[in-house]
Amino acid sequence: MSNRRMLALSLSGVLALAACSSGGGAATSAPSSAAPSESAAASGSASASAGGATDCTVAVSWNNYQQPRWAKNDQPNIKKTVEDGGGKYIDADANLSNEQQLTDINNLIGQGAKVLILLGQDTKAVLPGVQAAKDAGVKVIAYDRLVEDPDIFYITFDNVAVGKAEADAILKKVPEGNYVLIKGDPGDPNASTFLPQGWDDAGLKAAVDAKKITVLNMGGSEWPKDAGTYTDAWKTDKAQANMEAIIDKAVADGNKIDAILAENDSTAFGVAAALTSKNYGYPPLSGQDGDEANLQNVAAGIQYVDIWKNANELGKVAGATALEMCKGTDAASMSLPAGLVEASVAPTSPTPQDFTTPGGNTVKSYILQPTPITQENLNLVVDGGWITKDKLCEKASTGPTPAALCS
Amino acid sequence: MTNVADATPVPGQAQPPARTSLRDLIAQTEIDLRLFGMLIAFVLILITFNVISGGKFFSPNNMVTLAVQAAGIAIIATGMVLVIVSRNIDLSVGSLVGVIAMTYALLMTNILPDILGLPADFPFRWAIALAIGIALGAAIGALQGFIIAYIGVPSFIVTLGGLLSIRGIVWYLSSGAAVSGLDANFQLLGGGAQGSLGGPLTWALAVVGCIAIIALLISGRRQRRRFGFPVRPMWAEVLIGVVGCLIVVGVANFANNNFWPEGLADRVAAQQNWGPKPEGGWRIPAGLPNPLILLLGVTIVMTWLATRRRFGRYVYAYGGNPDAAELAGINTRREILKTYVLMGVLCALAAAIASARLNGATLDVGQSYELYVIAAAVVGGTSFAGGIGTIPGAVLGAFVLASLAYGLSFIGVNSPGQNVVAGIVLILAVGFDTLNRRRGTVGSSR
């Protein structure tokens with residue numbers, strides 16, 4: 001008997017483990033989202049005597065607070081900006097569940113939210129929640145990820161500009177020569193459309209047409225569809241295997257690879273591994289995301305540029321916009337306070353601009369500019385609290401050209 | 001039981017009557033026709049790519065890349081054969097590779113140096129990490145195998161659960177970030193110029209291989225004589241010996257024609273004071289890459305386990321007829337459990353290659369390996385009906401699939417095109433096999 005019970009126990013343990021991985025562990029995250037709200041509630045009672053922003057409660061609905069970025073960069077900056085402006089901050093985490101997010105939104109409205117900053121788990125499934133917020137007179141900010149609704153305010157980074165920044169940096173470094181283009185998943189519009197559009201904005205196609213640049217891995221003749229190699233699911237090991245074949249082909253053809261445009265960091269990491277295992281040396285290589293392992297590669301001289309989206313600044317812009325919305329300022333007369341965000345990151349205009357969504361809605365938006373990180377300005381990621389200097393420089397000395405910051 | 005005999009040529013199979021058609025001549029050499037056919041298909045694929053690329057494809061450098069890319073999948077596929085033969089499946093291999101690769105990365109960047117205080121120059125740190133990874137793989141495999149064999153939850157469900165939950169654990173291990181910077185010695189497991197045997201050792205290995213082939217042929221003949229089994233005709237023995245030796249020596253010669261990249265050779269020469277650079281630069285043969293050596297070892301051990309040990313015989317017997325095997329007194333549950341432990345160990349080896357090649361681990365290492373591994377086993381002649389499948393076949397299957405992926409990306413076909421071809425080849429391979437088998441069972445003299 002006892003034997004059988006043991007088996008049942010171990011089995012339920014495994015099931016619990018499985019539930020954990022898919023659900024994201026609701027129990028563990030509850031305290032993290034409750035903590036900020038409690039402290040905010042405590043200060044809330046004291047602020048009854050303060051000015052116009054007294055009843056400005058700003059609510060954030062996270063889709064997945066487990067991802068380290070939110071707790072480390074976005075949340076503290078939203079909270080601080082809101083509280084510095086006399087508002088009250090509350091939040092909830094949906095643990096990757098669309099249903100949970102709808103419940104969260106209703107709860108946050110019930111707690112008296114005036115503005116909802118929304119990181120939608122799904123751009124469409126969250127719409128009933130957006131409607132509920134609108135019905136209750138709550139303004140909605142789509143944060144980092146778009147929600148298809150005509151009445152939202154959209155705050156994000158410029159994804160086309162990311163591609164442009166990648167190609168700008170590489171083209172400046174290598175204006176002529178043989179290029180390899182490594183793209184992401186063929187089903188992702190970022191990989192097939194937006195980022196390549198950014199590359200062309202930077203002058204890649206013009207340089208190819210002028211015969212200054214030759215793309216070594218053309219899959220056909222159509223631009224940009226056949227230019228470069230796609231990477232299923234942005235997988236690092238797939239990018240590595242593809243790059244190895246491209247290097248072998250280049251060597252067999254007697255071509256030298258002068259530069260590599262990789263769309264993001266997971267593919268760039270695979271490309272770097274291929275260059276290492278082939279002892280090819282390190283032609284200038286691009287990436288985006290500011291992943292720790294890639295920034296370490298930049299510090300070591302293995303990756304030339306990493307386009308970084310400074311989430312600290314994104315949080316500040318969202319907090320400031322929420323405060324304005326609380327006051328009832330309409331989007332047309334809104335303006336970002338001078339000096340709130342770093343000049344290099346700030347939207348091109350301090351007043352909100354129109355943004356046309358893929359679904360055909362025109363919404364007001366703040367579109368922030370990404371920051372290209374090379375060895376020259378590595379200090380930005382350290383100063384911004386994105387990564388510690390020790391971590392950044394951990395393997396710099398093993399690379400071909402360690403950054404000055406790390407010596 | 002005919003199925004079992006079909007899978008692994010058993011000494012003493014009825015000799016076909018002595019006629020002199022080509023088919024019978026081949027039959028007299030007792031070469032596995034299915035394996036032979038696949039080898040020819042593999043060669044045809046290589047030739048096709050070579051023609052399309054204008055003769056640039058079939059070079060030592062490219063073939064070494066191909067072999068290294070195939071090695072991880074092939075290693076796991078050798079175990080998948082036994083799992084499928086015993087009428088089970090393992091969908092968790094990709095996630096297992098992911099979690100063990102991440103473990104290696106964390107061990108070497110974090111746990112060993114910072115928590116256990118073993119600095120980077122601590123001797124055999126790579127081996128310590130490898131041992132921990134293998135133990136972890138065996139433990140997870142044992143847990144899954146236990147639930148499958150002793151509790152009786154279908155393997156499809158258990159390993160599907162494993163696929164999901166273990167991949168989730170990878171996330172928790174690293175909080176979603178990629179981890180990079182492995183031990184320099186560990187990186188050699190991933191191949192590359194320095195992670196290869198080098199010229200002299202490759203030649204030595206070829207000589208050893210040649211001697212082993214001849215020794216095996218002689219001892220096999222003696223054994224058969226001793227027990228009164230029919231033996232191969234002498235010409236067949238000599239043919240197999242000579243061709244086998246020629247292949248081994250040819251591969252070694254081919255691999256030794258892959259030289260260190262110039263930049264690397266110059267750098268190492270300067271570091272180690274090799275003296276003045278010879279005319280035409282350093283020409284240092286790289287030889288066979290380490291992942292391929294690992295695969296070779298795994299293939300030999302697994303084939304031995306499958307065909308020469310009681311464990312292997314039991315697994316095939318169970319797959320051929322589970323009830324009969326159980327009634328014959330085989331402890332089938334224990335054997336099933338063992339297959340999953342073995343899978344865990346093989347996943348740990350594949351994870352070592354994958355993480356060494358990346359010099360780190362990302363969240364997606366090993367993702368969708370399960371599909372490639374199962375495809376490799378099936379292309380290699382393993383049957384889902386159970387009881388049928390060979391380990392060299394699965395290795396060859398992995399090489400067929402890897403050659404398609406590598407060859408297509410070499411000639412510039414993008415990944416959607418690669419997937420289309422891989423899928424079609426999978427269906428074709430199994431289709432031919434099924435037709436062949438049907439014809440074999442209906443009309444053959446066996």
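User: Before we start, what makes a residue buried here?

Analyst: In this predicted model, a residue is called buried if 20 or more other C-beta atoms lie within 10 Å of its own.

User: Why is strand 1 of chain A said to be largely enclosed?

Analyst: Six of the six residues in that strand, 57-62, are buried, so strand 1 of chain A is largely enclosed by the rest of the structure. Both sides take part: A:T57, A:A59 and A:S61 point one way, A:V58, A:V60 and A:W62 point the other way, and all are buried.

User: What makes strand 1 and strand 2 of chain A a pair?

Analyst: Pairing needs at least two bridges, and six join strand 1 to strand 2 (residues 88-93) of chain A, so they count as a pair. The two strands run parallel, and A:V58 stands opposite A:Y89 in strand 2 of chain A.

User: Which helix does the chain pass through between those strands, and what is the hand of the crossover?

Analyst: The chain goes through helix 3 (residues 68-84) of chain A, and this β-α-β crossover is right-handed.

User: How do you know that strand 3 of chain A pairs with strand 1 too?

Analyst: Four bridges link strand 1 to strand 3 (residues 115-118) of chain A, against a cut-off of at least two, so that is a pair as well. Strand 3 of chain A pairs in the parallel sense, with its A:L116 opposite A:A59.

User: Now the contact between chains: how many residues does each give?

Analyst: Chain A gives 44 residues and chain B gives 45. On the side of chain A that touches chain B, helix 9 of chain A has the largest share, with 12 residues.

Definitions and conventions: Residues numbered from 1 in each chain as written. Chains lettered and ligands numbered in written order. Predicted model: local features only at pLDDT ≥ 70, side-chain atom pairs only at ≥ 80, totals over all residues. Contact = placed C-beta atoms within 7 Å. Buried ≥ 20, exposed ≤ 12 C-beta atoms within 10 Å, placed from the backbone. Right-handed = clockwise from strand over helix to strand, strands pointing away.
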